[in-house]
Amino acid sequence: MVKIAPSVLSADFSNLTEQVGLAEKGGADYIHLDIMDGHFVPNITFGPIVVKSIRKITDLTLDVHLMIENADHYLKAFREAGADILTVHYEACTHLWRTIDTIHELGAKAGVTLNPATAINLLDPVLEKIEMVLVMTVEPGFGGQKFTPEMIEKVTYLSHVKNEKGLDFDIEVDGGIDVETAPQVVQAGANVLVAGSSIFGKKDIGSAIKDLRKAADSVLNPQIMV
């Protein structure tokens, strides 16, 4: 089953409690939280304090994407704030295996991601150790970017390796995901969809989630009419 993870990067922070609530009522599976430090990516968002506040208003899985340098220094803080999944960047982790082990020791699920220009096969050595791979379908750092279709090849590659080796990790995609692009990445093997502006940018958040799920599920069940 495809999981939907609305990204609060595109939410109205002046009304965050209501917006997260509407996403939860609309059938969201996760809440995706983009953490940016202004160094690893050219933008700054928020830290553990905001994650802790969001934890108080929802029981959904908090899917925390750390687009930060020195991620190891902050893993404990984000886990204690309520993160259920901690995803780090390949490019920002000097000792990736150790980072993954630390995430597991903290009791969270471990995800790894990489920038669009980084080769996906560099993750081969850690695929048996992690619960999720996040494929960035845009350059990390800003919401509302246009989907990069070339990244579908990364999803296809991961799906092939996963099936060939009998591994058990989620394939998440983030960037430009909407009712048009969702079927493409699901067809390639993705099962977790991060969507920001195509959910929080709509008047009816709940309907936007349902429309996205319907588009994604149409690949898995051709009888569903989009």
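Q: In which sense do strand S6 (residues 132-136) and S7 pair, parallel or antiparallel?
A: Let's start in the sheet of this predicted model. S6 and S7 are joined over 5 bridges. One of the pairs brings Met136 together with Asp174 of S7. The sense of the S6 and S7 pairing is parallel.

Q: Which residue of S8 is the bridge partner of Val173?
A: S7 also pairs with strand S8 (residues 192-195), in the parallel sense and over 3 bridges. Within that pairing, the residue of S8 that partners Val173 is Leu193.

Q: How many of the 5 residues of strand S7 are buried?
A: In a regular strand, side chains alternate between the two faces of the sheet. On one side of S7 sit Asp170, Glu172 and Asp174, and on the other Ile171 and Val173, with both faces covered. The strand is largely enclosed by the rest of the structure because the number of its residues that are buried is 5 of the 5.

Q: Over what arc around the axis of H1 do its buried residues Leu16, Gln19, Val20 and Ala23 lie?
A: Helix H1 covers residues 16-25, and Leu16, Gln19, Val20 and Ala23 are buried in it. These four are on the same side of H1, because the arc they cover is only 95°.

Q: Which residues are exposed on the other side of H1?
A: An α-helix has 3.6 residues a turn, so residues three or four places apart point the same way. The buried set in H1 includes Leu16 and Val20. Across the helix from that set, the exposed residues are Thr17 and Lys25.

Q: Is Val41 buried or exposed?
A: Val41 is found in the loop between strand S2 (30-36) and helix H2 (48-57). In sequence Val41 is 27 residues from Ile68, while their C-alpha atoms are 7.3 Å apart in space. Burial here means under 20% relative accessible area. With a value of 2%, Val41 is therefore buried.

Q: How many charged residues are in the lining of the largest cavity?
A: The count of cavities of 30 Å³ or more comes to 1, and the largest has a volume of about 30 Å³. Tyr30, Ile85, Lys109, Glu131, Met132 and Asp170 line this cavity. The lining divides into 3 nonpolar residues and no polar ones, and the number of charged residues is 3.

Terms used:
Residues are numbered from 1 along each chain as its sequence is written. This is a predicted model: local features need pLDDT of at least 70, side-chain atom pairs count only at pLDDT 80 or more; totals for chains, interfaces and linings use all residues. Side-chain values use heavy atoms; hydrogens and water are left out. On a 1 Å grid over the protein atoms alone, a cavity is a set of points where a 1.4 Å probe fits but cannot get out, and a pocket is an open set with protein on both sides within 12 Å along at least five of seven lines; lining residues have an atom within 4 Å of a point. Grid points are joined across faces, edges and corners, and a volume is the space filled by probe spheres set on the points. Ala, Val, Leu, Ile, Met, Phe, Trp, Tyr, Cys and Pro count as nonpolar, Asp, Glu, Lys and Arg as charged, and the others, Gly among them, as polar. Buried means under 20% relative accessible area, exposed over 50%, partly exposed in between (1.4 Å probe, protein chains only). Helices (H or I, at least four residues) and strands (E, at least two) are DSSP runs, numbered from the N terminus. Two strands pair if DSSP finds at least two bridges between them. The arc is that of the directions from the helix axis to the C-beta atoms.
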